[in-house]
Amino acid sequence: MISITSFSVEKHTDYTGSKIGMWLFLFTEMLLFGGLFLIYSTYRAKYPISFHVAAKDLNIQIGTLNTILLLTSSLTMAISILSIKNGSRRGSASFLMITIIFGLLFLFNKYFEWGEKIAHGIYPGSEALSVIDSSIVLFYNLYFVMTGLHALHVLAGIFVLFIMFVLLLKKNINRHDFVKLENTGLYWHFVDIIWIYLFPLFYLIT
Amino acid sequence: MQNKRNEAGFLTYLFVWISLIVLTAFTVTVAALNLGKIAVLTALSIASFKSLMVLNFFMHLKYEDRLFHFMLLLSVITLSIIIGFTFFDISFR
């Protein structure tokens, strides 16, 4: 008789498969943002002057600061993965926490940036926007939707990063099995790439 | 399983990060020059170059299997067709 215990308990993992799954998800995300970029670019081509005027009112300093914050968070994310590969769970967790803090700082800035706009009566459907040129309204609506969707992705990213932080502490993520952390990193870097395009399109090209 | 090829180390990441920051400073400076028509092209070129750095090093694409490159290419082509054909339509209206 074969006893069940005689089978070795083997964990089935597929390292490449996991990564392919994540990349496929990122491609759907790319098309999601791609659709919005398409709307932005067609209307920009149609109303270049309005977009030029409206974009001038965005705060380049906050935009630049947020770009630097996200780029730096990508660096700390990459170092976090490097640390776990080298067997340092504590180092990995520390750099992951720093990444989370950079993400929160990004959202903190976004809060003030949006808050300032909203204080000036600029928000989707506001009274102040109802009296100005509709193509300028279009710019602001796109600004709120696109940076808003991006901020939502940052928020989701922070949430997942935090779960990974807990998993690291629980040793569920370790030097032999860290594909979850790598996939989280892929997502975080992807969100960074979206911002790399949003930043010049909304803040710089005036 | 991993580390079959020489993967990026700490110094590579640091260099990539410094380049990304420098390129950000560069794109902000260039934007202030009011280049007019080529402003969009310049900004998007710099953004694409930054994205490639993030993709290749931070996202390890450089060290991944060919399949990953192919999948990315396919998605980029799909997006290009969507955007390209839309512009083809609106510019001849």
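Predicted model: local features only at pLDDT ≥ 70, side-chain atom pairs only at ≥ 80, totals over all residues.
Reader: Where is His60(B) found?

Author: His60(B) sits in the loop between H2 and H3 of chain B. Helices here are DSSP runs of H or I with at least four residues, strands are E runs of at least two, and both are numbered from the N terminus.

Reader: What about the phi of His60(B)?

Author: Positive, about 65°, although His60(B) is not a glycine. Most residues other than glycine have a negative phi.

Reader: Which residue of chain A has a positive phi near 65°?

Author: Lys171(A), which follows H6(A). Lys171(A) lies in the loop between H6 and helix H7 (179-204) of chain A.

Reader: Is Lys171(A) buried or exposed?

Author: Exposed, with 9 other C-beta atoms within 10 Å.

Reader: How far apart are the end C-alpha atoms of helix H6 of chain A?

Author: They are 52 Å apart. The helix covers residues 134-169, and its 36 residues should span 52 Å at 1.5 Å a residue, which agrees. The expected span is 1.5 Å times one less than the number of residues.

Reader: How many helices and strands in chain A?

Author: Seven helices and zero strands. Chain A has a radius of gyration of 21 Å, well over the 17 Å from the globule rule for 206 residues, so it is more spread out than a compact globule. The radius is taken over C-alpha atoms, and the rule is 2.2 Å times the number of residues to the power 0.38.

Reader: What box do the C-alpha atoms of chain A fill?

Author: Roughly 80 × 35 × 25 Å, along the principal axes. Buried residues make up 38% of chain A.

Reader: And what is the secondary structure of chain B?

Author: Three helices and zero strands. The radius of gyration of chain B is 17 Å, well over the 12 Å that the rule gives for 93 residues, so chain B is also more spread out than a compact globule. Of its 93 residues, 19% count as buried.

Reader: How many residues of chain B are in contact with chain A?

Author: 29 residues of chain B, in contact with 31 of chain A. Contact means C-beta atoms, placed from the backbone, within 7 Å.

Reader: Which elements of chain B give two or more residues to that side?

Author: Helix H1 (10-32), helix H2 (37-58) and helix H3 (66-90) of chain B.

Reader: Switching to the largest nonpolar core. How many residues?

Author: It has 71 residues, and those with the most contacts inside it are Leu96(A), Ile194(A) and Leu198(A). Such a core is a set of buried Ala, Val, Leu, Ile, Met, Phe, Trp, Tyr and Cys residues joined through C-beta atoms within 7 Å. H7(A) gives the largest share, 17 residues.

Reader: What does Ile194(A) touch?

Author: Phe33(A) and His150(A), not counting residues up to four places away in sequence.

Terms used
Residues numbered from 1 in each chain as written. Chains lettered and ligands numbered in written order. Buried ≥ 20, exposed ≤ 12 C-beta atoms within 10 Å, placed from the backbone. Contact = placed C-beta atoms within 7 Å.
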